[in-house]
Amino acid sequence: MLENSQTNQPVVKRLVVIGLGLIGSSLALAARQHGLAIEVVGISRRTSTLDLALERGIIDRAEESLAAIADSLGAGDVVVIGVPTLTVPAILQDCADLLSSDVTITDVASVKGSVVQAAATIYGALPPQFVPGHPIAGSEKSGVTAAKSDLFVNHRVILTPHEHTAQQHINLVEKLWQSVGAAVSSMPIREHDEVLAATSHLPHFLAYSLVDTLANMRENREIFRYAAGGFRDFTRIAASDPVMWRDIALANRDAILSVLDQVMADFNQLRGAIDSGDETYLMDVFTRARDARNHFGKLIESKVLEQPMSEKTINYRVSPGGVAQGDIRVPGDKSMSHRSIMLGSIAEGMTEVTGFLEGEDSLATLQAFRDMGVVIEGPDQGRVVIHGVGLHGLKAPNKPLYLGNSGTSMRLLSGLLAGQTFDVELTGDASLTGRPMARVANPLTEMGAVIETAAGGKPPLRIKGGNKLKAIHYVMPMASAQVKSCVLLAGLYADGETSTVEPAPTRDHSERMLRGFGYDVTTDGSKASLRGGGALTATRIDVPADISSAAFFMVAAAITPGSDIMLRHVGVNPTRIGVINILRQMGTLIELSNEREVGGEPVADIRIRHAELLGIVIPEDQVPLAIDEFPVLFIAAACAKGETVLTGAEELRVKESDRIQSMADGLLTLGIDAQATPDGIRIQGGQIGGGVVHSHDDHRIAMAFSIAALRAQDEIFVQDCNNVATSFPDFVALAHRVGLQITPEVAGH
Ligand code: S3P
C-alpha cells in the first residue's frame, strides 16, 4: 500500500514534469492518483503528447514550455526533468535562466556524470537545489501511452547528491519517490555510472546488437520464425527507445567501453573454448554463471535491492512456554561440509557430496574455491558436485577471498593456501576480523610460509605464494581442530612428514575425510601425521546432521517437561559428543539407536526426553568435545537444580563472540544468577524470566536464548539474529515443528 494513497496528503506543492515519456508520465500519473501534489503540470514540446496526457488524467495542466509557469514556482515545488539524457543540459539551461533558487530540481536520466557536469557548467557551480536522480524502473515500452501509476512500486530510485546539494531539496525528492512506492538510496556518481553501465546499459547494447546481427542475415525471416524462448528472453529490451539508448551510449562512454571490452575478451575466450572443445572451460563458465544468476534471481524477485534481507537486522520474538516434541533431521554438519569442499577441490576427479549444509559459512568456503577456478555444481538440496583440480590445480583468485563469519574457512584455508604458487588474501566480516589468527600464522611460518596479518594477529591474512614448505612436528598450545587441520593441510604441500600433537582430543573430521579421499593419515594417541606430495582421489561424501545444531533440540527436550524429541541421522563422532555426555550427567534421558558408520563417520538417531536436571561440575575433558554447544548447555544449567560450574574453557572467549560474557550477560537479564570467570562460568539454576537479550552477532547465542523461552515466564526478545543463517538456515522452521513459537521480525518494522 502506498503511504499516501490513504491520507491523500500532498508531499509537494506543484509537481512539474518536463518530458512526458514513460518515466515522466508514470510519475505524474502516480502523483495525481495518490494526491501527492496540489497540481501536476506536464510540459512537452508536442501538443499531441500534452493532449493525450490531459485526456488520460495523467496531468492537471499542460504547458509547452517552462517559461509559461516558471515565475509562479517557489519553495516546495518540484521540477522533474524527464527528457532523454542528451537533452537534459538544454532543460537545465532553462532552469538556470528561469527558476528561483528555492525550487527543487531533479532528473531521471540513466547517466549521472554527464548530467552533473552539465549542471556545473551551466550554473557555474553545482546548484544546491539540484538533486540528480535515477529511477531503476521502466520497460521496453515508451511514451505517454505506456504510463503506469504503479511503475515505481518496489523499485529503486538512486539519488546521487553532491556535497553542495541542500538537505531540504534531497528530503523533498526522496519523499516524492517514496510516496509512489519506490525505495530510495544514494550512491556516488561515478559508482552509479559504472554499476549501471554493467547492469543496464551493456545488456541493452548486447540485445540491440544480437537482434541487428540476426536481422541482417539473409535468411532472417526463417531465423525469426524459429526464434522462440531464448531469443525472446534475451532480446525483449531491444524494443526500447533508440533515442534514449543512443544518448546513454554517448553520455556514459567510458564506463560502457570498459565493460564492453571485458565482455569482448570473455567472448573471445568462450569462442576459443568452443573451437577447441574445452569442456572444462565451458562447464566452468556455465555453472558459475548459472549459480550467480540463481543467486541474483532471488534478489531480483524481491525487487527492492536497496537493502538485501541479510543487511536488515532480524530479531526473534520468542513466546514463553511450548512443547518439545517431534521427529526431525537438522541440517548437515558444518565442519564436514567445509572439509568436503576443500578436499573435493584438491582431489583428482569428481566428488559428490550429499547432506551439504547450505549455511552462509560453508557457502563461503564453496565460493572461495569457485573463485580459485574450481567448478562446483550446486548446492541443490544438499547435493554438491565438485570437479576436483588436484593438489596443484587451484588458480589465483582475482580478488581477496571473502569468508564472511567463518573462522573454520579462514583457518583451514590458510593452511591449504600456504603452499600454493600464487598470492592470496583472506578477509571476512567484522566478527571474523576480530578473531585470533596468529595460532595458524605461527606454525605456518615455521613451515616456511610467508603470511602477513593485521595488527594483533588479526585478519586480513595475506599469504605469499611460491614458498616451498617444510614438514614440522607441531605441539599445539591449545586444543583446536582448526589449528590441527590447518597444519595438516599445509603438510600436504610440504616435504616429509608433518605431525601435530594436541593437548586434548579435538574433532578429527579432517583426518577421517583425508583417509576417505585415499590419503594416508596416521593417528597415534594425540599425534596425527601425514607425508606431503601424495594425491587425493575423488569420493562420495554423505554429510550427517550436525550434532552442534541438534544440541539446541536436545536441550529443548532436556528442559521441557513432557518432551520427547527424535533427531535423525546425527553425526556422533566421539570427538563431538560432549553435549550428550554432559546432558546425561545432568540427568537427561538420551538413547542412541540405529548406530552405523557412514563414510568413515559414526551416525545415530538420538531420542531425548525430559527428566529433572541437576547442576554439575563439567569435567574439563569434555570441554573440547562440546566446544560449540556451551551456549545452549548454559540454558540447561539455568534450568537445573543447583549450581553448574565450567572451567578450562577460555577458548569460548574467542569464538564468534566472547561466549562466556555474552551468555552471562543474557542470563543475568533473564533473572538467572550467572557469574563469568576467566575460563568458564558458574550458573545457579533458577526461574528464567523474560526480557531483551543480545546475540552479540553470534548464531549460537541467538539460538540458545530462543530455546530458553521454553522454560521462561515471559517473552524473550533476541536481538540481531541474522547470523543464525551461518550454520542453521532452517532453525526457525524446525523449532516451530517441535513446538517453539519464534517470530522473526525485521528491526524497525
Ligand atoms: C571447528 C573447530 C572448532 C569449532 C568450530 C569448528 C572445525 O574451533 O569451535 O566451530 O571445524 O574444525 P577450534 O578449532 O577453534 O576449537
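Pro379 lies in strand E13. I started there, and I note at once that the model is predicted.

**Entry 1**

The bond from Gly378 to Pro379 is cis, with omega near 5 degrees. Most peptide bonds are trans, and most residues other than glycine have a negative phi. I kept that in mind for a later entry.

Next I asked which sheet E13 belongs to. I found an open sheet of 4 strands, ordered E13-E14-E12-E25, with mixed pairing. E13 (375–380) and E25 (540–542) are the edge strands; each has a single partner strand, so one side of each has no neighbour in the sheet. From one strand to the next, the twist averages 15 degrees.

I then checked how E13 is held to strand E14 (residues 383–389). The two run antiparallel and are joined by 4 bridges.

Which strands does helix H13 lie across? I read off E12 (348–354), E13, E14 and E25 for this helix, which spans residues 334–346. H13 runs at about 35 degrees to E14.

Helix H14 (residues 360–371) lies across E13 and E14. Its angle to E13 is about 155 degrees.

**Entry 1. A second sheet**

I moved on to another open sheet of 4 strands, in the order E32-E33-E10-E34. Its pairing is mixed.

Strands of a sheet pair through backbone hydrogen bonds, either parallel or antiparallel. For E32 and strand E33 (residues 716–719) I found the parallel sense, over 4 bridges. Val692 has Phe717 in E33 as its bridge partner.

I also looked for a helix on this sheet. Helix H25 (residues 731–738) lies across strand E10 (314–318) and E34. H25 runs at about 150 degrees to E34.

**Entry 2. The domains**

I noted the domain assignment of the protein. Domain 1 covers 5–187 and domain 2 covers 195–277. Domain 3 is given in two pieces, 314–326 and 545–746, and domain 4 is 334–542. I looked up one separation: the centres of domain 1 and domain 3, taken over C-alpha atoms, are 55 Å apart.

**Entry 3. The ligand**

What surrounds the ligand? I listed Ser335, Arg339, Thr408, Arg411, Ser480, Ala481, Gln482, Arg507, Ile627, Asp628 and Lys655.

A polar backbone atom of Ala481 is 3.0 Å from an oxygen atom of the ligand. In the side chain of Asp628, an N or O atom is 2.6 Å from a ligand oxygen atom. For Lys655, a polar side-chain atom lies 2.7 Å from an oxygen atom of the ligand.

**Entry 4. Arg14**

I found Arg14 in strand E1 (residues 12–18). Its side chain makes a polar contact with the side chain of Ser72, at 3.0 Å. I then wrote down what Arg14 touches, not counting residues up to four places away in sequence: Glu39, Val41, Arg61, Ile69, Ser72, Leu73, Gly76, Asp77 and Val78.

**Entry 5. Two further backbone spots**

I looked up another cis bond. Pro459 and Pro460 are joined by a cis peptide bond, with omega about 0 degrees. Pro460 lies in strand E18 (residues 458–464).

Last, I checked Asn594, which is in strand E27 (residues 589–598). Its phi is near 55 degrees, a positive value in a residue other than glycine.

Note on methods: Residues numbered from 1 in each chain as written. Predicted model: local features only at pLDDT ≥ 70, side-chain atom pairs only at ≥ 80, totals over all residues. Heavy atoms only, no water. Pairing = 2+ DSSP bridges. Contact = heavy atoms within 4.5 Å. Axes fitted to C-alpha atoms, helices over the stretch in contact; angles between N-to-C directions. Domains from an automatic or database assignment. Near = heavy atom within 4 Å. Polar contact = N/O pair within 3.5 Å; in protein donor to acceptor, adjacent residues only side chain to side chain.
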